[in-house]
Amino acid sequence: MAKRIYIQSAEPYAQINSTCFVASIQTNQVGTKILQPVYKPDGTETPTKQNDIMRLIDGIDGWTSDGRNTDLVGMVSSTNEIGSSIDGALIEYERLIAYGHKVPTRSF
Amino acid sequence: MPITTSSHAACYGIAIHAMNIHGAHVQWTRPSMPIPGNKIGRTESGWVRQPWRVLLQHGGLREQKVSFGPDKAQEFRTFLNSTPNQMHRSDDYGPTSTGLTHGSLSRLFTINKIDNKAGIPEEYGDKKYSELLEFDDTDYSVKWVQDWSLEGDGVKERIKSLGVIDKNNWMHNPMTGIIPSIPLRNRWNANTNGTNWGRSTPSDILCCTFWPEGARTYDQLYRDWGQGAYIKFAGEELEIPKRGTGKNYIFVSNSIRYDVNQLDHLGPGRPYEMKSDRVTLTPENSSIIIHIYQK
């Protein structure tokens with residue numbers, strides 16, 4: 001099963017030009033911070049809040065052409081994804097079975 | 001030690017964790033984070049999808065608090081300005097009506113601050129959450145208390161009057177399909193005897209998750225599966241028909257008895273497969289009955 005990568009923190013690092021800045025981000029799989037270029041609308045201020053930076057980090061679009069969000073959208077951080085994402089639900093279920101919690105089928 | 005015992009059961013793609021809580025207990029769901037290269041979504045509402053999940057309890061109170069925080073003041077305001085009808089019927093979280101919702105059980109049990117009674121009636125569907133729930137604009141949090149009683153004076157009549165369940169006590173989408181991308185706190189309280197906050201029949205808290213075996217996308221979940229619940233009141237029979245064209249799974253918040261050729265019972269803490277076309281539940285006991293079916 002693929003291990004998903006998530007941003008755990010983000011902060012502005014450097015301004016490139018009016019439509020681009022560099023953000024310093026930390027993910028769940030890498031201990032050190034890495035730099036990532038981020039595009040922003042021309043003329044807007046470089047965001048300083050983590051939430052605003054995350055909104056702008058936009059490499060792979062998590063939206064379909066008709067504007068609906070895809071599976072890529074519904075993720076949570078790896079430390080607490082149990083049951084709250086597809087991978088998390090699958091891992092949780094497999095773990096229950098591995099630890100002997102699978103109950104026999106019962107129908108009525 | 002607030003959780004005194006716990007048990008786990010997995011079957012049919014349904015996982016159930018049962019916890020018995022004595023004393024005060026707090027459980028946090030921590031924030032969701034986007035993947036690098038993705039964003040949580042442009043709805044600005046701060047909610048993201050998750051496999052269907054429901055936290056059942058039989059009676060008693062539960063306090064829930066969403067801590068938006070100053071960084072998410074925008075989401076805080078958006079949530080307070082939204083209405084139950086918008087949040088429960090949004091198309092933002094799935095292509096059909098089954099995938100997109102806060103669990104509709106919250107409509108039955110959340111105490112609203114307009115009339116201070118459990119449940120959000122249909123006529124409050126267009127009220128803003130700022131009118132219905134407690135909020136604190138210093139720490140940007142929203143808080144509400146749920147009363148999960150199914151028994152007691154006027155409880156049955158109140159639940160039936162809310163316009164959430166139909167005449168067969170059926171409702172859609174009891175399981176939550178979205179989760180806040182912000183911290184969510186559940187809080188219970190109980191004394192050492194396990195009786196708490198008006199809980200008439202102390203019992204386990206049941207954390208239940210469903211993800212269909214073999215499915216890999218939310219589209220598969222929403223397209224192929226449906227979910228609903230029956231509210232079974234004590235003193236009434238209840239008939240449950242099989243739904244859809246495939247598998248039917250059931251789990252419950254409290255023990256109930258049924259009569260299909262012979263009397264037997266369904267207990268909380270594990271899922272069951274319903275194979276009979278129609279089942280009559282006998283009058284004793286009340287329960288929330290979650291029904292998942294293949295469309």
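Modeller: In chain A, buried residues account for 27% of the 108 residues, where buried means that 20 or more other C-beta atoms lie within 10 Å of the residue's own, exposed means 12 or fewer, and partly exposed is in between, with C-beta atoms placed from the backbone. In chain B, buried residues make up 49% of the 295 residues. This is a predicted model, in which local features need pLDDT of at least 70 and side-chain atom pairs count only at pLDDT 80 or more, while totals for chains, interfaces and linings use all residues. Residues are numbered from 1 along each chain as its sequence is written, and chains are lettered from A and ligands numbered from 1 in the order in which they are written.

Biologist: Why is B:Phe135 called buried?

Modeller: B:Phe135 has 20 other C-beta atoms within 10 Å, and therefore it counts as buried. This residue lies in strand β6 of chain B, residues 134-136, a strand being a DSSP run of E with at least two residues, and a helix a run of H or I with at least four, both numbered from the N terminus.

Biologist: What makes B:Leu80 and B:Val142 contacts of B:Phe135?

Modeller: Two residues are in contact if their C-beta atoms, placed from the backbone, lie within 7 Å. Leaving aside neighbours within four places in sequence, B:Phe135 is in contact with B:Leu80, B:Ser130, B:Ser141 and B:Val142.

Biologist: What makes a set of residues a nonpolar core?

Modeller: The set must consist of buried Ala, Val, Leu, Ile, Met, Phe, Trp, Tyr and Cys residues joined through C-beta atoms within 7 Å. The largest such core has 57 residues, and B:Cys208 is among the members that touch the most others. Not counting residues up to four places away in sequence, B:Cys208 touches B:Ile14, B:Ile16, B:Arg53, B:Val54, B:Leu56, B:Phe251 and B:Ile290. Apart from that core lies another, of 13 residues, including B:Phe79 and B:Trp144.

Biologist: How do you know which parts of chain B to read with caution?

Modeller: The guide is pLDDT, the predictor's confidence in each residue, from 0 to 100. Chain B averages 81, and 79% of its residues score at least 70. Over residues 31-45 of chain B, however, the pLDDT is below 50, although this stretch has 56 contacts in the model beyond near neighbours in sequence. Residues 90-101 of chain B also stay under 50, with 31 contacts beyond four places in sequence. Where pLDDT is low, the predicted coordinates should not be read in detail.
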